[in-house]
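Let's walk through this one together, starting with the overall picture and then zooming in on a handful of residues.

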Amino acid sequence: MVLVIPFVMQVFATVGLIGYLSFRTGQRAVNELAIQLTTRVTERINQHLKAYLETPHFMHNMTVSSIRNGNLNISNFSSLQQQFWSDIKLSNAVDYIFLGTQEGYFIGVQDYGDGRQVVKFRDRATAPKRLIYALDEDGKRTQLLKSQDYDPRIRPWYTATLKAQQQTWSPIYISADLGVLQITPTTPMYDAEGTLQGVLGTNLILSQISDFLQELKISQSGQAFILERSADIVASSTDEQPYLSTASEPIRLNARNSQQPGIKLTTQELLQQVDDLNQINQPLQFTFEINNKTQLVQVSPLTDIQGLDWLIVVRVPEADFMAQITANTRTTIFLCLAALGIATVLGIVTARWVTQPILSLNTAAKEIAQGEWGKVVELHRSDEVGELAKSFNSMAQQLHESLETLEENVEQRTAQLAQANAEIHELNQRLKAENLRMSAQLDVAKTLQQMVLPKPAELESIEGLDIAGFMEPVDEVGGDYYDILHYDDVVTIGIGDVAGHGLESGVVMLMAQTAIRTLQEMQETDFVKCLDVINRTIYHNVQRMNSDKNMTLAILNYCRGHISISGQHEEMIVVRASGEIERVDTIDLGFPIGLDEDIIKFISQTCVQLESGDGIVLYTDGITEAENLERQQYGLERLCQIVSQTWQGAADVIKNQVIHDVRRHIGSQKIYDDITVLVLKHK
């Protein structure tokens, strides 16, 4: 083989190298062509989108100038209606212009694209309803089409503008009227004193971008799609919708979950190329394989000064250009195999007369390898093969002696390992006993924690209130706290969240419960004094524990429909009998407990009046920050929505619906924090 292989490989390598260079040259040409194609397609998409996306901001600037110059009055909805109707007639890129004011009023004109135009408005007379009227060919109102609850100040485009305080883009959201995905370029309008008067917006329906991408001629099976930095699909050249239909409302489709293999696999490969899509600040090109077929991909960022931040992805299969090169490759492989066969036959014939002495030496070496230590290689030659025979004989003798020594060493080492194994077994038994002891301690702590929670009988005995509470720790011992204490006509409600969870957090929670109970039994009603005493108690205990634990804590007093609240915790949700939601921020009502010795200067108080059927919902961040498999948080907005929808039921029913909805959102994802919710309804 030593003689045959080099001879054969020379012939094979020469033919193979020529074929390889030919293949690589063709492949390089294809790659360059594909890169030029993807670059040209990307530039065309970029140019189209910039023209499409810049038009609304340009029209906004014209409208703002007209308002500042006095040609338009922001309070005159009739003149605004005519102006918006004229703007839509003049531009094919804009089919919906609207204005939302700080008072909650709204005026907008929309072209549905099928010859119908409507005006949508909400003023002092129609609030909280938004009315939708059909428009005739002169832009005049005719027939009332729809009436719906609508407040522009809570829409995504309005809140995004308040946050940016300049021309910006809303997040992609669902249309309140048409139920399709859209994005809104917005412009805030301020008066001479800098006070916000309203927000001017223009809805752009994303399906129009998909229509443009589908008309592009990329290659035989190429694809183009646009992503947000979160990998959610904005538009694509396929017929797949960029959202998933659900029973409540559509959910954005992440490219990693797309039913289109090209989009799904391209996105997965892109996320392997870069850990975070936010890192892509310039065009990126890479290749990968789908079903053993190479794909050429170009990713380019699309941004503007108003904050738009998308990624344009163009994928072109190399196979669309490689048909002729593949045929040449098959011919080259056939020639290589033929050359290999001929060279092998010639090499074997040439080498056999040289290799016979070596074969004899090989047979003798195998007998020695089988343990026949007394075997001596009999080969009387003075050349290199003879020297090899002498080396084999010497090696066999030395190996035999080494094996005998090795057996003794193995016996000694086996004894040492047996002793070490016995020591490890004893240590393992100790660890098991320690684990049992720690588990028993945790069980005791968990039992104590559950014992101090208010019992259903206590809650039912409170007249005038319907109360339901729930707490589920993520570990054996949780850090969440809630309690309800009733003395005379006053109901004291406490809710808090210790940083982290586990035994230390559970101990701090019990400290807080004990301190609040003690102050309630002493009939202490001064909020400032109560929170100051609780803080000092927990602060000094935490210092003694040599721990860094602290907690948020809010204390509420309820008496005959009047609620006063003090202390820093999550927002308090106030629910009116109609299901309308109000949110009370507690950030300025206190300071984390146990973090500093003196917090008295931070403590404040606010009050809420409850009528019949009104109530409040308290919770910890284990609910609002609960994540699903896509790392999406449950969120306060969704909590408010489920509470509002179920408010007509009893407190226990509302509580159960909230917990069910949170668990449905989490799915099979791991739970990372304690979950607590408390529902109180004024009968």
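Among contacts in the protein between residues at least 6 apart in sequence, what percentage joins residues at least 24 apart? The answer is 60%. Keep in mind that this is a predicted model.

Now zoom out. The protein has 13 helices and 28 strands. Along the principal axes, its C-alpha atoms fill a box of roughly 115 × 80 × 40 Å. The radius of gyration is 38 Å, whereas a compact globule of 683 residues would have one near 26 Å. Buried residues account for 45% of the 683. The protein exposes about 36500 Å², with carbon and sulfur atoms supplying 52% of that area.

For a piece of that surface, go to helix α7, which spans residues 384-451 and holds Leu 406. Together with Leu 399, Leu 403 and Val 410, Leu 406 makes a nonpolar surface patch of about 320 Å². Patch members need over 30% relative accessible area, and Leu 406 has 46%, so it counts as partly exposed.

Cysteines next. A disulfide is a covalent bond between the sulfur atoms of two cysteines. A search of the whole structure turns up zero disulfides. Take Cys 607: the nearest cysteine sulfur belongs to Cys 559 and sits 12 Å away, while a pair would have to be within 2.5 Å to count. Cys 607 is partly exposed at 42% relative accessibility. Cys 640, in contrast, is buried at 6%.

The backbone has a few spots to check too. Most residues other than glycine have a negative phi, and most peptide bonds are trans. With that in mind, look at the bond joining Ala 127 and Pro 128: it is cis, with omega at about 5°. Pro 128 is in the loop between β3 (117-122) and β4 (129-135). Then there is Asn 546, whose phi is positive, near 55°. You'll find Asn 546 in the loop between α10 (527-545) and β22 (551-559), and with 72% relative accessibility it is exposed. Arg 631 also has a positive phi, about 65°, without being a glycine. Its place is the loop between α11 (621-624) and α12 (636-646).

On to charge pairing. Side chains of opposite charge can pair when their charged atoms come close. The count of salt bridges here is 19. One of them ties Asp 114 to Arg 116, at 3.0 Å from N to O. Asp 114 is partly exposed at 49%, and Arg 116 is partly exposed at 46%.

Helix α13 is worth a stop. Asp 652 and Lys 655 meet there in a salt bridge of 3.1 Å, N to O. Why are these two about one helical turn apart? Because they are three residues apart in helix α13 (residues 651-666). Asp 652 is partly exposed at 39%, but Lys 655 is buried at 10%. Arg 664 and Asp 661 form another salt bridge, their closest N and O atoms being 2.6 Å apart. These two are also three residues apart in helix α13, so about one helical turn separates them. Arg 664 is exposed at 55%, while Asp 661 is buried at 4%.

Finally, some salt bridges link up: Asp 532, Arg 536, Glu 597 and Asp 598 are joined in a network.

Methods: Residues numbered from 1 in each chain as written. Predicted model: local features only at pLDDT ≥ 70, side-chain atom pairs only at ≥ 80, totals over all residues. Heavy atoms only, no water. Patch = residues over 30% accessible without salt bridge, like charges linked within 9 Å, V, L, I, M, F, W, Y side chains within 5 Å. Areas by Shrake-Rupley, 256 points an atom, 1.4 Å probe, with all protein chains shown as cover. Salt bridge = Lys/Arg side-chain N within 4 Å of Asp/Glu carboxyl O. Helix = DSSP H or I, 4+ residues; strand = E, 2+ residues; numbered from the N terminus. Buried < 20%, exposed > 50% of the residue type's maximum accessible area, 1.4 Å probe, protein only. Rg over C-alpha atoms; globule rule 2.2 N^0.38 Å. Contact = heavy atoms within 4.5 Å.
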